[in-house]
Amino acid sequence: MPPRQCIVIRAEREEEIGNASAVLVESLRCRAEALAERLGLEHSDTLKASSRPGALGLATVLARRGDYAEAEPLQRRVLASYEARHGDEDLEILMEVYHLAEMLLDAGKLAEAETLSRRLLKGRERKLGVLHVLTLESVNILGLVLMWEGKLREAEPLFKRALEGRAAQLGANHADTLTSVNNLGLLLQNQGKLEEAEPLYRRDLAGCETQLGVMHPDTLTSVNNLALLLEKQGKLVEAEPLCRRALEGRETQLGVNHPATLQSVNNLAVLLEKQGRLEEAEAFYRRALAESEAQLGVMHPETMIFVNNLAGLLQNQGKLEEAEPLYRRALEGRESQLGAHHPDTLQSVNNLGLLLKTQAKLEDAEPLCRRALGGFEAQLGANHPSTLTAVHNLALLLRKQGKLEEAEPLCRRALEGRDTQLGAHHLATLDSVFNLAKLLDAKGGPLAEAEELYLRELKGMEELHGPDHKETRTSRRNLERFRRKHATG
């Protein structure tokens with residue numbers, strides 16, 4: 001089954017205005033227009049009404065609601081006005097650079113967000129020094145942009161710098177410090193370092209519950225992120241109540257159509273699908289997609305996540321003709337919005353390749369699987385879980401094509417890597433155990449190793465799911481079939 005994408009949320013630690021009502025938006029718009037008419041577009045009061053979050057500026061509220069088409073040109077006008085008035089990288093200008101960079105990050109315009117974030121950091125280091133809290137804020141946002149661009153190695157020292165600086169300047173339990181704890185955990189998770197990420201997520205959640213309360217939006221973000229880490233570790237039973245807590249809390253605090261709520265809808269759907277509860281999962285996927293198209297637009301990177309995930313569910317249900325146009329839509333959208341080498345784009349390449357393999361279009365699937373593997377190796381490294389998934393998938397395709405000698409080293413690489421990165425009992429590791437067993441079975445040996453692998457997969461499934469789960473029963477049948485096939489007189 002192609003992997004689904006859960007959404008781990010970066011911590012904001014700002015006043016939550018994402019669920020601002022339409023009445024509030026219209027009120028802010030009227031106020032900004034009135035000030036512009038009375039004082040002029042370039043007056044400082046007009047600019048503040050248009051931008052500043054502290055005063056519930058119109059552009060900030062629109063962006064938090066996902067109305068980037070209206071928010072972005074407004075924020076650009078504000079920045080251009082400050083640049084024209086001041087003519088230097090003063091702190092007023094840099095604050096507006098920060099707002100625009102954050103807005104572009106949320107809108108998925110990562111290349112320009114990186115340029116602005118680097119400008120912001122350089123300017124604040126020069127004006128305020130390397131340890132000022134606003135400089136550390138700039139370090140953090142540049143780290144976020146680089147992480148979402150898939151530049152994980154560049155992001156890591158920035159996140160560590162932000163965490164160390166905030167802990168020293170603000171204290172270990174300050175909200176900004178907890179933001180950095182969360183974001184470093186998120187980076188480690190994206191690097192496949194799941195065991196290192198878990199204590200950071202738990203620290204962040206405990207700190208938020210103590211400092212902010214159990215229903216605060218930032219606390220719910222921390223609940224969401226810990227749940228998704230547990231899901232990636234294969235701890236599905238422990239993850240489900242946390243997923244439901246995040247969703248119910250966001251529906252109450254932010255509203256049922258808020259982008260963060262839709263992320264929780266998606267994440268619960270992913271978990272339900274992994275548990276085999278496909279009808280429940282489909283309803284949640286369709287809800288997330290429909291509302292995201294309405295709130296963020298049909299080409300937004302987050303909408304593409306929901307498109308991808310619904311396609312994966314349909315494939316899992318055997319609805320291949322329905323799944324294919326969704327996979328192609330996700331790939332085209334990501335190539336357009338994120339670039340051909342972004343990890344999300346590569347994931348869509350991988351997923352379309354897997355669908356074509358399932359449709360027995362093996363020659364069409366192979367170049368896609370090879371493109372995905374080459375891209376992941378270049379962007380994420382040879383041992384990243386996404387790279388290992390691409391290794392596994394190419395090996396599986398080659399086995400289906402009968403290219404067993406070429407497939408075997410890839411099977412072994414995937415299994416060894418997943419054993420190391422994910423652990424011996426992770427679902428993905430067990431999938432690689434089965435794939436190598438199947439290949440050795442098809443080759444005719446070594447049969448003793450193949451039997452050992454079939455048995456290992458069965459024991460792993462029993463431990464994860466129990467003896468009567470359908471996946472466990474499938475594993476038991478595979479072992480029995482192998483033993484019958486190779487039984488001696």
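Where does UniProt place the feature "transmembrane region"? The views below come from a predicted model, in which local features need pLDDT of at least 70, side-chain atom pairs count only at pLDDT 80 or more, and totals for chains, interfaces and linings use all residues. Residues are numbered from 1 along each chain as its sequence is written, and side-chain values use heavy atoms, with hydrogens and water left out.

**View 1. The annotated span at residues 128–148.** The unreviewed UniProt entry places the "transmembrane region" at these residues, although such annotations may be inferred rather than shown by experiment. The end C-alpha atoms of residues 128–148 lie 27 Å apart, and the span is 81% helix and 0% strand (DSSP runs, H or I of at least four residues for helices and E of at least two for strands).

**View 2. Packing of helix α9 (residues 175–190) with helix α10 (residues 194–212).** The axes, lines fitted to C-alpha atoms over the stretch in contact, with angles running from 0 to 180 degrees between N-to-C directions, lie 8 Å apart at an angle of about 155°. The pair α9 and α10 is therefore roughly antiparallel (over 145 degrees). Residues in contact (heavy atoms within 4.5 Å) include Leu178, Val181 and Leu188 in α9, and Leu200, Tyr201 and Arg203 in α10.

**View 3. The cis peptide bond joining Gly445 and Pro446.** Omega is about 0° at this bond, and Pro446 is placed in the loop between α21 (427–443) and α22 (447–465).

**View 4. Ala360 in the loop between α17 (343–358) and α18 (362–380).** Phi of Ala360 is near 70°, a positive value in a residue other than glycine. Ala360 counts as exposed at 58% relative accessibility (over 50% relative accessible area, 1.4 Å probe, protein chains only).

Definitions and conventions:
Parallel < 35°, antiparallel > 145°, perpendicular 65-115°, else oblique. Buried < 20%, exposed > 50% of the residue type's maximum accessible area, 1.4 Å probe, protein only.
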